[in-house]
Amino acid sequence: MIVHLKLEDYLALVRHARQEAPNEDCGLLAGRIDEANGEKFVERVFFLTNLDHSPEHFSLDPKEQFAAVKEMRAAGLELLGNWHSHPATPSRPSEEDKRLVYDSRASYFILSLNGGEPVLNSFHVEGQKDVTKEDLRIR
(Lines give C-alpha, C1' and ligand atoms only; values in the text may rest on other atoms or scores of the structure.)
Protein backbone atom coordinates (compact mmCIF):
# COMPACT_ATOMS: atom_id res chain seq x y z
CA MET A 1 0.00 0.00 0.00
CA ILE A 2 1.29 3.43 -0.95
CA VAL A 3 0.24 6.39 1.20
CA HIS A 4 0.96 9.98 0.14
CA LEU A 5 1.37 12.82 2.63
CA LYS A 6 2.04 16.47 1.82
CA LEU A 7 5.31 17.87 3.17
CA GLU A 8 3.49 20.73 4.93
CA ASP A 9 1.27 18.20 6.74
CA TYR A 10 4.31 16.19 7.81
CA LEU A 11 5.95 19.35 9.16
CA ALA A 12 2.73 20.29 10.98
CA LEU A 13 2.60 16.81 12.58
CA VAL A 14 6.16 17.16 13.84
CA ARG A 15 5.61 20.70 15.12
CA HIS A 16 2.38 19.77 16.94
CA ALA A 17 3.83 16.57 18.45
CA ARG A 18 6.85 18.47 19.77
CA GLN A 19 4.51 21.00 21.40
CA GLU A 20 2.54 18.21 23.09
CA ALA A 21 5.61 16.26 24.26
CA PRO A 22 6.25 14.58 26.59
CA ASN A 23 2.65 13.43 26.10
CA GLU A 24 1.51 11.51 23.05
CA ASP A 25 -0.19 13.61 20.39
CA CYS A 26 -2.98 12.21 18.22
CA GLY A 27 -5.47 12.83 15.46
CA LEU A 28 -7.17 11.63 12.31
CA LEU A 29 -6.20 11.40 8.64
CA ALA A 30 -8.64 12.26 5.86
CA GLY A 31 -8.30 12.06 2.12
CA ARG A 32 -9.00 10.02 -0.97
CA ILE A 33 -8.30 6.52 -2.20
CA ASP A 34 -7.45 5.98 -5.86
CA GLU A 35 -9.80 3.11 -6.72
CA ALA A 36 -7.66 2.07 -9.69
CA ASN A 37 -4.55 1.22 -7.67
CA GLY A 38 -5.60 1.57 -4.01
CA GLU A 39 -3.15 4.37 -3.23
CA LYS A 40 -4.15 6.69 -0.42
CA PHE A 41 -3.74 10.46 -0.57
CA VAL A 42 -3.92 12.28 2.77
CA GLU A 43 -5.57 15.63 2.09
CA ARG A 44 -6.21 16.76 5.66
CA VAL A 45 -4.70 16.06 9.06
CA PHE A 46 -6.84 16.62 12.13
CA PHE A 47 -5.20 17.39 15.48
CA LEU A 48 -7.31 16.07 18.35
CA THR A 49 -6.94 16.24 22.11
CA ASN A 50 -5.34 13.28 23.88
CA LEU A 51 -7.76 12.90 26.77
CA ASP A 52 -5.26 10.68 28.61
CA HIS A 53 -2.57 13.39 28.70
CA SER A 54 -0.05 10.55 28.87
CA PRO A 55 3.41 9.91 27.41
CA GLU A 56 2.52 6.22 26.93
CA HIS A 57 -0.98 6.09 25.43
CA PHE A 58 -3.76 8.21 23.97
CA SER A 59 -7.52 8.45 23.73
CA LEU A 60 -9.13 10.64 21.09
CA ASP A 61 -11.67 13.17 22.31
CA PRO A 62 -15.02 11.73 21.05
CA LYS A 63 -16.61 15.15 20.47
CA GLU A 64 -13.63 16.32 18.42
CA GLN A 65 -13.56 12.99 16.58
CA PHE A 66 -17.24 13.30 15.64
CA ALA A 67 -16.75 16.90 14.49
CA ALA A 68 -13.73 15.92 12.38
CA VAL A 69 -15.60 13.06 10.67
CA LYS A 70 -18.53 15.39 9.99
CA GLU A 71 -16.13 17.93 8.46
CA MET A 72 -14.48 15.20 6.35
CA ARG A 73 -17.80 14.05 4.94
CA ALA A 74 -18.87 17.63 4.15
CA ALA A 75 -15.62 18.06 2.19
CA GLY A 76 -16.09 14.76 0.34
CA LEU A 77 -13.11 13.13 2.06
CA GLU A 78 -12.81 9.66 3.56
CA LEU A 79 -11.43 8.70 6.95
CA LEU A 80 -8.12 7.06 6.02
CA GLY A 81 -6.85 6.33 9.52
CA ASN A 82 -5.31 7.93 12.55
CA TRP A 83 -1.95 9.10 13.79
CA HIS A 84 -0.21 9.46 17.10
CA SER A 85 3.22 10.25 18.41
CA HIS A 86 5.68 8.20 20.42
CA PRO A 87 7.67 10.83 22.32
CA ALA A 88 10.26 8.40 23.70
CA THR A 89 9.90 5.14 21.73
CA PRO A 90 10.45 4.05 18.11
CA SER A 91 7.99 4.49 15.24
CA ARG A 92 6.31 1.09 15.44
CA PRO A 93 3.03 -0.11 16.94
CA SER A 94 3.21 -1.05 20.61
CA GLU A 95 1.25 -4.02 21.92
CA GLU A 96 -1.39 -1.56 23.15
CA ASP A 97 -1.52 0.12 19.72
CA LYS A 98 -2.17 -3.26 18.06
CA ARG A 99 -4.80 -4.17 20.65
CA LEU A 100 -6.70 -0.91 20.00
CA VAL A 101 -6.87 -1.27 16.20
CA TYR A 102 -10.47 -0.69 15.12
CA ASP A 103 -10.35 -0.94 11.33
CA SER A 104 -8.09 -3.21 9.28
CA ARG A 105 -8.55 -0.90 6.26
CA ALA A 106 -7.10 2.09 8.08
CA SER A 107 -3.56 3.42 7.99
CA TYR A 108 -1.91 4.03 11.35
CA PHE A 109 0.75 6.73 11.34
CA ILE A 110 3.23 6.69 14.22
CA LEU A 111 5.58 9.64 14.63
CA SER A 112 8.59 8.96 16.85
CA LEU A 113 10.37 11.87 18.48
CA ASN A 114 12.86 9.51 20.13
CA GLY A 115 16.51 10.14 19.35
CA GLY A 116 16.43 13.65 17.91
CA GLU A 117 15.25 13.41 14.30
CA PRO A 118 11.54 12.60 13.93
CA VAL A 119 10.62 9.35 12.18
CA LEU A 120 7.16 8.87 10.68
CA ASN A 121 5.92 5.50 9.47
CA SER A 122 2.55 4.23 8.30
CA PHE A 123 1.28 0.78 9.22
CA HIS A 124 -1.49 -1.60 8.22
CA VAL A 125 -2.60 -3.82 11.11
CA GLU A 126 -4.67 -6.93 10.45
CA GLY A 127 -6.32 -8.90 13.23
CA GLN A 128 -4.45 -6.94 15.91
CA LYS A 129 -1.35 -9.04 15.21
CA ASP A 130 -0.13 -8.82 11.62
CA VAL A 131 1.67 -5.51 11.15
CA THR A 132 2.83 -4.37 7.72
CA LYS A 133 4.76 -1.20 7.11
CA GLU A 134 3.15 0.83 4.32
CA ASP A 135 5.09 2.77 1.69
CA LEU A 136 4.73 6.32 3.02
CA ARG A 137 5.71 8.98 0.49
CA ILE A 138 6.06 12.56 1.67
CA ARG A 139 5.61 14.94 -1.26
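How many bridges join β4 to strand β5, and do the two run parallel or antiparallel?

A: Let's start with what you're looking at. This is a predicted model, where local features need pLDDT of at least 70, side-chain atom pairs count only at pLDDT 80 or more, and totals for chains, interfaces and linings use all residues. Residues are numbered from 1 along each chain as its sequence is written, and side-chain values use heavy atoms, with hydrogens and water left out.

Now to your strands. β4 (residues 78–86) and β5 (residues 107–112) run parallel, joined by six bridges. Strands here are DSSP runs of E with at least two residues, helices are runs of H or I with at least four, and both are numbered from the N terminus. Two strands count as paired if DSSP finds at least two bridges between them. Along this pairing, histidine 86 sits opposite serine 112 in β5.

β4 also pairs with β2 (residues 26–33): six bridges again, but here the strands run antiparallel. In that pairing, glutamate 78 of β4 has glycine 31 standing opposite.

How covered is β4? Seven of its nine residues are buried, where buried means under 20% relative accessible area, exposed means over 50%, and partly exposed lies in between (1.4 Å probe, protein chains only). As a general point, side chains in a regular strand alternate between the two faces of the sheet.

One last stop is the loop between α1 (7–20) and β2, where you'll find proline 22. A cis peptide bond joins this proline to alanine 21, with omega at about 15 degrees.
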